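User: I am new to this structure and would like to learn how to read its features one at a time. Could you take me through them slowly?

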Amino acid sequence: MSKCKIWTLKAGFQGQAKRSDFQLVEGDLPTHLNDGELVCEALYLSVDPYMRLFSDWSKVGEPIVGEQVARVTASKNAKYPVGTTIRLSSGWRSHTHVRDVSTIDVMPELGDLPLSLTLGVMGMPGMTAYFTLVDVLKLRKGETLLVSGAAGAVGSLAGQIGKIIGCTVIGVAGSDAKVQWLKELGFDHAFNYKTEDIGKSIEKVAPEGVHCYCDMVGGEISFQAIKRMRNHGRMVVLGSISTYNTTNPTGPYLFTDILTKSLTITGFIIFNIREKWHIGEKQMAEWIKQGKLKYRETITDGFEHMPEAFLGLFEGKNTGKAVVKA
């Protein structure tokens, strides 16, 4: 019987995630497939901050959650013959026995774009950026958009889309190199939160406040951002990476600011509108071809390095989308 490799949760995360929380185990692959089933081999796997949050709800010994792009290596399903490339949420597995093909997602039309972008600008991060600005925030030309985690997979795309719409875009990142990259992408202003007073920096470039805030990080940066939003401002919460490793996250609480400024704050999970992804994929591909949208990937080679790639997200080691090449 053939074997596959699976990264599992060895111990429940306690505060900062660490390498010893993960365990690589072997699993069995079938020698016989029933009608409709298939086996696929991972080509690229995604690592994302949300996995830290979702893993809090996983049981020890279970595979780490996540998406991957894979190639079908054995099949008894006419729709997915051997050699077909698919995208599916099967977790950190080198190979997957797919019994229920409803777990397979429709692949985007990549054309000559790299396959890895299926997990980035043409996948979850790209769709999050697109639908956040277009559907949730309903960003309008002439408004001021603030983006935290701006050099990450979602933030770097959100800022560029803001510029395409015709907005003033402010980005917050964690290094001078990332700040420089944001300026190269066309961000009007970008700040290093590790070396600058973010509150004062926002006030300087947006003295009347910001209309919209795209939040990836939570914590102190979001505290400063909410303080500097305009009346009737709109904020969308896409992540809270600064608090994922905190055992008991607490305030400060800004309910008074939310009330007195009549702010609208919305949490948004892109997987809830997967049926609309084809709309965003088409637009993102068009913007890339037109040169309006640029991207970066931080690619780690080797399935055995999945934990290191994941932990690097919380150390600011990635620029753009973090992907593991199996």
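Analyst: Let us start with the word contact, which here means heavy atoms within 4.5 Å. Please keep in mind that this is a predicted model. With that cut-off, and leaving aside neighbours within four places in sequence, Ser 156 is in contact with Ala 150, Ala 151, Trp 181, Leu 185 and Phe 187.

User: In which helix does Ser 156 lie, and is Ser 156 buried or exposed?

Analyst: A residue counts as buried when its relative accessible area is under 20%. Ser 156, which lies in helix α3, residues 155–165, has a relative accessible area of 3%, and it is therefore buried. Its side chain also has a polar atom that lies 2.7 Å from the backbone oxygen of Gly 152.

User: How should I read Lys 3, and which residues is it in contact with, apart from its neighbours within four places in sequence?

Analyst: Between the cut-offs of 20% for buried and 50% for exposed, a residue is called partly exposed. Lys 3, found in strand β1, residues 3–9, is partly exposed because its relative accessible area is 45%. Leaving aside neighbours within four places in sequence, Lys 3 is in contact with Glu 26, Gly 27, Asp 28, Leu 29 and His 95. With Asp 28 there is a polar contact of 2.5 Å between the two side chains, while Glu 26 is 23 residues away from Lys 3 in sequence and 6.3 Å away in space, C-alpha to C-alpha.

User: How many disulfides are there?

Analyst: The test is whether two cysteine sulfur atoms lie within 2.5 Å of each other, and by this rule the count is zero disulfides. For Cys 212, the nearest cysteine sulfur is that of Cys 167, at 7.4 Å, and Cys 212 is in no disulfide. Cys 214 is in no disulfide either, the nearest cysteine sulfur being that of Cys 212, 9.2 Å away. As for accessibility, Cys 212 counts as buried because its relative accessibility is 0%, and Cys 214 is buried, with a relative accessible area of 0%.

User: Which strands are joined to β3 by bridges?

Analyst: To read a strand among its partners, look at the bridges, their direction and the residues that stand opposite one another. Seven bridges join β3 to strand β4, residues 68–75, and the two run antiparallel; here Leu 38 stands opposite Ser 75. Strand β6, residues 95–98, is also antiparallel to β3 and is joined to it by four bridges, with Leu 38 standing opposite Val 98. Three bridges join β3 to strand β15, residues 321–325, again in an antiparallel arrangement, and in this pairing Ser 46 is opposite Val 323. Strand β3 itself, residues 38–46, is mostly covered, since eight of its nine residues are buried.

User: What is the general idea behind a nonpolar core, and how many residues has the largest one here?

Analyst: In soluble globular proteins, nonpolar side chains tend to be buried together. In this model, the largest nonpolar core has 82 residues, and those with the most contacts inside it are Val 47, Trp 92, Leu 145, Leu 182, Met 284 and Phe 310. Helix α2, residues 124–136, supplies the largest share of this core, six residues, and at least three residues come from each of domain 1 (3–120 + 296–325) and domain 2 (124–271). Apart from this core lies another, of nine residues, including Leu 38, Ile 86, Leu 88 and Ile 104.

Note on methods
Residues numbered from 1 in each chain as written. Predicted model: local features only at pLDDT ≥ 70, side-chain atom pairs only at ≥ 80, totals over all residues. Heavy atoms only, no water. Buried < 20%, exposed > 50% of the residue type's maximum accessible area, 1.4 Å probe, protein only. Polar contact = N/O pair within 3.5 Å; in protein donor to acceptor, adjacent residues only side chain to side chain. Pairing = 2+ DSSP bridges. Core = buried A, V, L, I, M, F, W, Y, C linked by side-chain atoms within 4.5 Å. Domains from an automatic or database assignment.
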